[in-house]
Each structure stands twice: as structure tokens, then as C-alpha cells.
Amino acid sequence: MKHSIIIYGSQYGTTKRYAERLSDITGIKRVSRKEAKGVNDYERVIYMGGLYAGSVFGLKKLAATLTNQELVIVTVGLVNPQDKENIKYVRGNIKSQIPNRLYNEDKIFHLRGAIDYSTMGIKHKLMMSFMHHRLSKMPEEKLNAESKTILETYGKTVDYVDFDTLQPIVDALLSVSDVS
């Protein structure tokens, strides 16, 4: 049985960038979720997915195929991953996406991503426009970190990608066993 694989779900490329770098650092093979085959041949699956409306892109579908693997989850989102309220919200959504046997908070990591409205599909542009319109009418004290980030970045190109933030993931992968 092969040891580890990185699978990523990326709509606009930010998660793919992180997956490529993590693969380069660790030597672990990476594939997009669309190309992932034979997942049950691996002992450990590192799933990296972009956050869309609080859910991890592609995670639920992947989790349904796993039998006895260790699952490491890496989310990539626009909101600062140091915001505890946001992390609690995202982890609650992760719990609803995967079976309890796969959920382990010690194996969930959060990275900060990017947004570029010029490359967004129409569906996402409309969704963001609606959210921006709704949020801009709310009082400042009612806004959470996600809401504030949407308002601050609306219509812009913003890139918070920081490859140094992969280090805790690398350390966790190396501390469990040898990377293969």
C-alpha cells in the first residue's frame, strides 16, 4: 500500500499553488480531485480544498470514497486563518461534510488564499455581489471576520498566499511518519 497522496480541489488555482508547493517540499505525489483514482491504495490522504460559502470544495465527495485512510484536511480561504470564530465555523462545516471517523481537529489546517474578480465565473461573481450588497447594509458591529473580508476585498485582486504557512503541515506530516 502506498503511503500518502495530496489531492486538491481548486476552482481558481490558489489551492493548486499550495498543493504544488507542499508536494515539492515533501515529495508526496499530488493530483487534482478530478484526476484522483485509486485513493484507497493510500494509507494517508492529504486533501486540500478551497473554501466556498464555508464548505471545503470537493471534500464531501472524496470522504464518501475513503475506507480506512488517515485524512489530513487543509482549507484555503480568504479570511485570516487566525480568526477563531471563522475557524470554528469552518470546522463545523467540515464535521457536516465527512463521517465522524475521519474528523480529527489535529489533522485540520487552514491557509489563507487569494481572490481575483477578473477570473471569477459568473455564478461566483453574482454570489459575491449579492453578499456584498447585503453586508454593506449591516452595522459594523454585526459583521464577522468573513463579512469584513468580503467587504474589504470586493471587486479587487488580493493575494494572501504565504508558502511559509505550509510549515506546520509539513511538520505534522513528518512527525507522523516518513514522507513518501
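Me: Contact means heavy atoms within 4.5 Å. This is a predicted model. Which residues in H5 are met by Met-128, Met-131, His-132, Leu-135 and Ser-136 in H4?

Reply: Helix H4 covers residues 122-136 and helix H5 covers residues 145-153. By class, their contact holds five nonpolar, three polar and no charged residues. On the H5 side, the residues that meet H4 are Ser-147, Ile-150 and Leu-151.

Me: Are H4 and H5 roughly parallel or roughly perpendicular to each other?

Reply: The two helices pack with their axes 10 Å apart, at an angle of about 110°. Angles of 65 to 115 degrees count as roughly perpendicular. H4 and H5 are therefore roughly perpendicular.

Me: Within what arc do the buried residues of H5 fall, seen down its axis?

Reply: The buried residues of H5 are Ser-147, Thr-149, Ile-150 and Thr-153. They line one face of the helix, because seen down the axis of H5 they fall within an arc of 165°.

Me: What covers the buried residues of H5?

Reply: Buried residues in H5 include Thr-149 and Thr-153. The elements that cover the buried residues of this helix include one helix and several strands: H4, strand S6 (108-112), strand S7 (114-116) and strand S8 (157-159).

Me: Which residues have the most contacts inside the largest nonpolar core?

Reply: The largest nonpolar core has 20 residues. Strands S1 (2-9), S3 (42-52) and S5 (70-77), with helices H2 (59-65) and H3 (84-97), each supply at least two residues of this core. A second, separate core of 18 residues includes Tyr-8, Ala-19, Ile-28 and Phe-109. In the largest core, the residues with the most contacts are Ile-7, Val-45, Leu-59, Leu-71, Ile-94 and Ile-98.

Me: Which residues does Ile-94 touch, not counting residues up to four places away in sequence?

Reply: Ile-94 is one of the residues with the most contacts inside the largest nonpolar core. Leaving out residues up to four places away in sequence, Ile-94 touches Val-56, Leu-59, Ile-73, Thr-75, Tyr-103 and Ile-108.

Me: Is Tyr-8 buried or exposed?

Reply: Tyr-8 sits in strand S1, and among the residues in contact with Tyr-8 are Ala-19, Val-31 and Tyr-47. The C-alpha atoms of Tyr-8 and Tyr-47 are separated by 5.7 Å, although the two are 39 residues apart along the chain. The relative accessible area of Tyr-8 is 10%, and under 20% counts as buried. Tyr-8 is therefore buried.

Me: What separates the C-alpha atoms of Leu-22 and Ile-169?

Reply: Leu-22 is in helix H1 (residues 14-26) and counts as buried at 0% relative accessibility. Residues that Leu-22 touches include Ile-6, Met-48, Leu-166 and Ile-169. Leu-22 and Ile-169 are 147 residues apart along the chain, and the separation of their C-alpha atoms is 8.5 Å.

Me: Is Lys-34 buried or exposed?

Reply: Lys-34 lies in the loop between strand S2 (30-32) and S3. Its C-alpha atom is 9.1 Å from that of Ile-7, 27 residues apart along the chain. The relative accessibility of Lys-34 is 67%, and over 50% counts as exposed. Lys-34 is therefore exposed.

Me: What is the relative accessible area of Arg-112?

Reply: Arg-112 lies in strand S6. It touches, among others, Tyr-18, Pro-81, Thr-149 and Tyr-160. Its C-alpha atom and that of Asp-162, 50 residues apart along the chain, are separated by 7.4 Å. Arg-112 is buried, and its relative accessible area is 18%.

Technical notes. Residues numbered from 1 in each chain as written. Predicted model: local features only at pLDDT ≥ 70, side-chain atom pairs only at ≥ 80, totals over all residues. Heavy atoms only, no water. Core = buried A, V, L, I, M, F, W, Y, C linked by side-chain atoms within 4.5 Å. Buried < 20%, exposed > 50% of the residue type's maximum accessible area, 1.4 Å probe, protein only. Helix = DSSP H or I, 4+ residues; strand = E, 2+ residues; numbered from the N terminus. Axes fitted to C-alpha atoms, helices over the stretch in contact; angles between N-to-C directions. Parallel < 35°, antiparallel > 145°, perpendicular 65-115°, else oblique. Nonpolar A, V, L, I, M, F, W, Y, C, P; charged D, E, K, R; others polar. Arc of directions from axis to C-beta.
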